[in-house]
Each structure stands twice: as structure tokens, then as C-alpha cells.
Amino acid sequence: EDFLNLIFKAMMKDSLNSSHPVSSAVQSSEQIEEMFDALSYIKGASLLLMLKHFLTKDVFQAGIEVYLHNHNYGCAQSDDLWDSMNEITNGTLDVKKLMKTWIMQKGFPLVTVVRKGKIISVKQEKYLYHMEPENWTSDASYLWHIPLTYRTSSCNFTHCTNAYLLDQKSGM
């Protein structure tokens, strides 16, 4: 419950146009200190949970083990974690490409789902809580690779999760 409350606070901060990406290039020690705020930590943790759910617990755990094995007693960059996950997924999913859309962009998407009969369509757009005119930037180029999971009525709800990666502005 506490973590969920922290997530909502981080999302509120991240929904402002004055937000910042989880990961970005820095030039000074002051910029490094500014990067490590609650938004970076909570959003980062939430993104790892999202990835774990999408990949499944076992695949995610195997990727973490590869990452720790490859970088024990050494230095690592965020790409190293995504590369380890890619190693485990055997090219079936480009985890690095997926995660970069989340960590290199500020904010998060609003996903709209519309059902017309048996047809489900989804679309994404950047969510902004409050428009700050002095800090406004166009959000037309924002695109996330959004892992969506769903269940259908033909499932028995014990182990029947389907997955879809929304990597365009809209899809069906």
C-alpha cells in the first residue's frame, strides 16, 4: 500500500511538463544530484515491475542473474541490464528498445481502449495533468512501447494471460 501511494505521487510529478526522464546525460555533479529524486527511484522501480510482469517472473529473474553474473565486481550501465534481458529473450523481444522509450522520455502515456463489438482498439498519447505554458513542449513525438496484458472470456483465469506490445500510436 505504501509503495502504491509513492507510485501515485511520482506519477503526479511525472505528469507535469516540468518532469524529467529517469535517465539522461549529465554534465556536472549538481545535475547528477538532481537526477536522483523520488521520481527516478519510484518510476524506475515501477518500470522494473512492469517489465517483470510482461516477461514473466522466471524470465525476468534469469535476466537479472545474467546481469549480475556478467557485471559482478565491475561497473555497469543501464544498457547492460537491458542487454542481459535481451540475452534471455533470445531476440523475441528487444527489451532495450522497449525500456528506452520509458527511461529516456519524461512522463507516461495515457492508453485509451475502445471496444466495438469484438474489435478492440488502443491508442496512446502523452498524459499531462497540468499544462504549464512557460514549460510547454510538443508531445507529438512521444511514443512508448507499452506492454499490455489481457485475458479473454475463453480463459479459465488460472494461467491464461495474453500479451500485446503497443509500439505505435494506435493498434488493434
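Accessible areas here come from the Shrake-Rupley method with a 1.4 Å probe, and for residues only the protein chains shown count as cover. On that basis the protein chain exposes about 11,300 Å², with carbon and sulfur atoms supplying 57% of it. This is a predicted model, in which local features need pLDDT of at least 70 and side-chain atom pairs count only at pLDDT 80 or more, while totals for chains, interfaces and linings use all residues. Residues are numbered from 1 along each chain as its sequence is written, and side-chain values use heavy atoms, leaving out hydrogens and water.

**Overall layout**

- The protein chain has six helices and five strands; these are DSSP runs numbered from the N terminus, with helices being H or I of at least four residues and strands E of at least two.
- From the N terminus on, the order of elements is α-α-α-α-α-α-β-β-β-β-β.
- Along the principal axes, the C-alpha atoms fill a box of roughly 55 × 45 × 35 Å.
- Of the 172 residues, 31% are buried (under 20% relative accessible area; exposed is over 50%, partly exposed in between, with a 1.4 Å probe and protein chains only).

**Helix α4**

- Helix α4 covers residues 57–71, and its 15 residues reach 21 Å from first C-alpha to last, close to the 21 Å expected at 1.5 Å a residue (1.5 Å times one less than the number of residues).
- Its buried residues are F60, G63 and V66.
- Seen down the axis of α4, these buried residues fall within an arc of 120°, so they line one face of the helix (the arc is that of the directions from the helix axis to the C-beta atoms).
- They pack against α3 (38–55) and α5 (78–89), whereas K57, D58, L68 and H69 on the other side of α4 are exposed.

**The largest nonpolar core**

- This core has 21 residues, and L51, L55, W82, M85, V95, M99 and W102 have the most contacts inside it; such a core is a set of buried Ala, Val, Leu, Ile, Met, Phe, Trp, Tyr and Cys residues joined through side-chain atoms within 4.5 Å.
- The largest share, five residues, comes from α6.
- Domain 1 (3–104) and domain 2 (108–171) both give residues to the core, so it lies between them; the domain bounds come from an automatic or database domain assignment.
- Setting aside residues up to four places away in sequence, L55 touches F60, M85, T89, L93 and V95 (contact means heavy atoms within 4.5 Å).

**H145**

- H145 is found in the loop between β2 (119–126) and β3 (146–150), and counts as buried at 10% relative accessibility.
- Beyond its neighbours within four places in sequence, H145 is in contact with K97, L98, T101, W102, L165, L166 and D167.
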